[in-house]
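Student: Could you take me through this structure, please? I would like to begin with the side chains.

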Amino acid sequence: MKPDVTPSQPPASVEADGLTKRFGDRVVLDEVRFSLMPGCVTALTGRSGEGKTTLLRLIAGLEEPDSGSIVIAGRVASRGSRALLAPHERGIGMVFQQAALWPHMTVAQHVRFGLGAMSTHAADARVSEVLALVGIGHLAAERPARLSGGEAARVAIARALAPAPACLLLDEPLAHLHHDLRHDITRTIRAAVDASGAAALFVTHTPADLDGVADGALHLEAGHLERS
């Protein structure tokens with residue numbers, strides 16, 4: 001008889017331990033600890049000014065913590081106040097409140113932008129794959145002026161996904177969208193995470209937007225992070 005074997009849990013895409021950030025005398029993040037697992041969507045809630053965007057910026061390497069550590073895909077990204085990986089080395093994709101598209105570039109060019117020195121053939125294939133994943137393959141040749149708000153949001157998601165990041169950070173990407181579009185975009189993000197295996201940390205002021213989409217939730221208040 002074979003012994004029972006419990007499958008080992010995959011390593012975290014992002015793991016933060018004792019993460020602390022101050023701005024002057026104000027402690028924005030106080031000994032924060034959390035893990036983001038591959039293929040999981042985690043909601044991040046909290047009032048305005050509680051430090052949600054700061055937390056995303058620390059993970060991405062756009063801000064430096066005062067103490068603690070961040071490990072991304074098994075590599076130490078920062079320890080204490082010292083950054084050990086530059087932002088472009090961290091395998092992070094970011095989506096902001098505004099799609100922040102460049103007016104002179106086509107949809108395909110936006111997605112191609114983050115693929116670096118990849119060969120033309122491989123890059124073209126990856127662009128087509130990601131645009132199909134978010135449902136806008138037919139818009140590859142369009143420019144931002146001809147896109148709806150929902151289409152622009154999908155371009156921003158595709159651009160973030162193109163380099164196959166370990167983690168997708170979403171800073172209220174639904175904030176300026178109509179209610180019906182919010183539902184469609186959250187489903188798109190869920191499908192993208194399922195297909196890519198990336199972890200996703202999704203900042204929102206409206207937790208109901210992620211009903212049926214998020215695998216878990218974190219709540220940030222007074223510098224402390226609680227799992228809800």
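**Charged side chains**

Tutor: At a relative accessibility of 65%, Arg146 counts as exposed; with a 1.4 Å probe and protein chains only, exposed means over 50% relative accessible area, buried under 20%, and partly exposed in between. The model is predicted, so to speak of a local feature requires pLDDT of at least 70 and a side-chain atom pair counts only at pLDDT 80 or more, whereas totals for chains, interfaces and linings use all residues. Residues are numbered from 1 along each chain as its sequence is written, and side-chain values use heavy atoms, leaving out hydrogens and water.

Student: Which side chain does Arg146 meet in a salt bridge?

Tutor: Arg146 meets Glu142, with 2.8 Å from N to O. A salt bridge here is a side-chain nitrogen of Lys or Arg within 4 Å of a carboxyl oxygen of Asp or Glu. Glu142 is partly exposed at 24% relative accessibility.

Student: How many salt bridges are there in the whole structure?

Tutor: The search finds 10. Another of them joins Asp215 and Arg190, also described by an N to O distance, of 2.8 Å. This pair links distant parts of the chain, 25 residues apart: Asp215 lies in the loop between strand S9 (199-203) and strand S10 (216-221), and Arg190 in helix H5 (residues 179-196). Helices (H or I, at least four residues) and strands (E, at least two) are DSSP runs, numbered from the N terminus.

Student: Is Arg190 buried or exposed?

Tutor: Arg190 is buried, with a relative accessible area of 12%, whereas Asp215 is partly exposed at 49%.

Student: How many bridges join S1 to S2?

Tutor: There are 7 bridges between S2 and strand S1 (residues 14-23), which run antiparallel. Val14 has Leu36 in S2 as its bridge partner. The hairpin of these two strands has 2 residues between them, and Gly24 takes a positive phi near 65° there.

Student: What of S5 and S6?

Tutor: Strand S5 (residues 75-79) pairs with S6 over 2 bridges, in the antiparallel sense. Arg79 stands opposite Arg82 in S6.

Student: And how many aromatic pairs does the structure hold?

Tutor: It holds 1 aromatic pair. The ring centres of Trp102 and Phe113 are 4.9 Å apart and the planes stand at 50°, so the pair is tilted. Rings of Phe, Tyr and Trp (its six-membered ring) pair if their centres lie within 6.5 Å; planes under 30 degrees apart count as stacked, over 60 as edge-to-face and the rest as tilted. Trp102 is partly exposed at 31% relative accessibility, while Phe113 is exposed at 56%.

Definitions and conventions: Two strands pair if DSSP finds at least two bridges between them.
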